[in-house]
Amino acid sequence: MIRNSNFSSKKPILYLVATPIGNLKELSTRTLDVLKEVDYIFCEDTRVSSKLVNLCGVKKRFISCHEHNEAMATKEAIRLLKEGYKVAYMSDAGMPCISDPGYILVRECLINEINVSPISGPNAALNALIASGLPTDHFYFHGFLNAKDSVKKEELRKLYKRQETLIFYESPHRIDKTLKCMHEIFGSRKACIAREISKIHEEFIRGNLEEFLTLDKETLKGEMVIVVEGNDEEITAMPEEKEIVNLIRNFTNMGMSTKDAIKKASDLLNLPKNKVYSIYHGN
């Protein structure tokens, strides 16, 4: 067990700085104080971060640290911290490490006995959750689903039984397929799409996953958060896929047509027929 008291020891500190996801007024005075104090700022995109920091009247040295060079940039950050320089890491928008780079940097700093201190700030997932109208007492953050539909569906099937409210991130060019996959796996659960949070076109779309299939996808612009209700007591827990497939095969072996076998399995398991169909033909 290791106990780190960040501000009463002489160890160097890496600051993790959250940045506005839209409205620049969300930048706190403490964030500004930290940015003024540090010598170097590591960030996803130096152009984006330098623009934000320069607007605040702060001139700093920036070093790129993104998903493709995080390991190398981490070594440089640790070197600077050990030499006595003050260092911060900031995301382009939102919270470091939450569907953004930063984990490798944090992990290696801790291994090297460098303290890590988070500077509070905006987070799209929590903002979407608290305004969604769905339960907030327990929730599960998944972030981005896989781009490939077959893998995406498998991810969603593994989440089917979770009772917590589910939170996902999605981009405009993938939102249509993602909503279709969610409806296929989750059915018509209540859901909320939050987009352009804290920006002038902020919008919350509340309804259910079936209704979302009728949305004009051309109106869904910007980065989005999808909040979906969890599995409640009235929803039958989904059996393993192989159990569904074996049940259908048992029916066909008895002489049933595939179509009738799928309908029979759907009725017995209390699952949507299109979901059972998809599972059977995907195996």
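**Inside the core**

Guide: Let's start with the largest nonpolar core: among its 33 residues, those touching the most other members are Leu 156, Phe 168, Met 182, Phe 186, Val 228 and Ile 248. A nonpolar core here is a set of buried Ala, Val, Leu, Ile, Met, Phe, Trp, Tyr and Cys residues joined through side-chain atoms within 4.5 Å, and buried means under 20% relative accessible area with a 1.4 Å probe, protein chains only. Helix H7, residues 175–186, gives the most to this core, with six residues; helices are DSSP runs of H or I with at least four residues, numbered from the N terminus.

Before going on, this is a predicted model, where local features need pLDDT of at least 70 and side-chain atom pairs count only at pLDDT 80 or more, while totals for chains, interfaces and linings use all residues. Residues are numbered from 1 along each chain as its sequence is written, and side-chain values use heavy atoms, leaving out hydrogens and water.

Now zoom in on Phe 186. Leaving aside residues up to four places away in sequence, Phe 186 touches Leu 156, Leu 159, Tyr 160, Leu 166, Phe 168, Leu 209, Val 228 and Lys 275, a contact being heavy atoms within 4.5 Å.

Stepping back, buried residues make up 46% of the protein's 283 residues. Of the contacts with a separation of 6 or more, 70% come from residues 24 or more positions apart.

Conventions: Buried means under 20% relative accessible area, exposed over 50%, partly exposed in between (1.4 Å probe, protein chains only). Helices (H or I, at least four residues) and strands (E, at least two) are DSSP runs, numbered from the N terminus.
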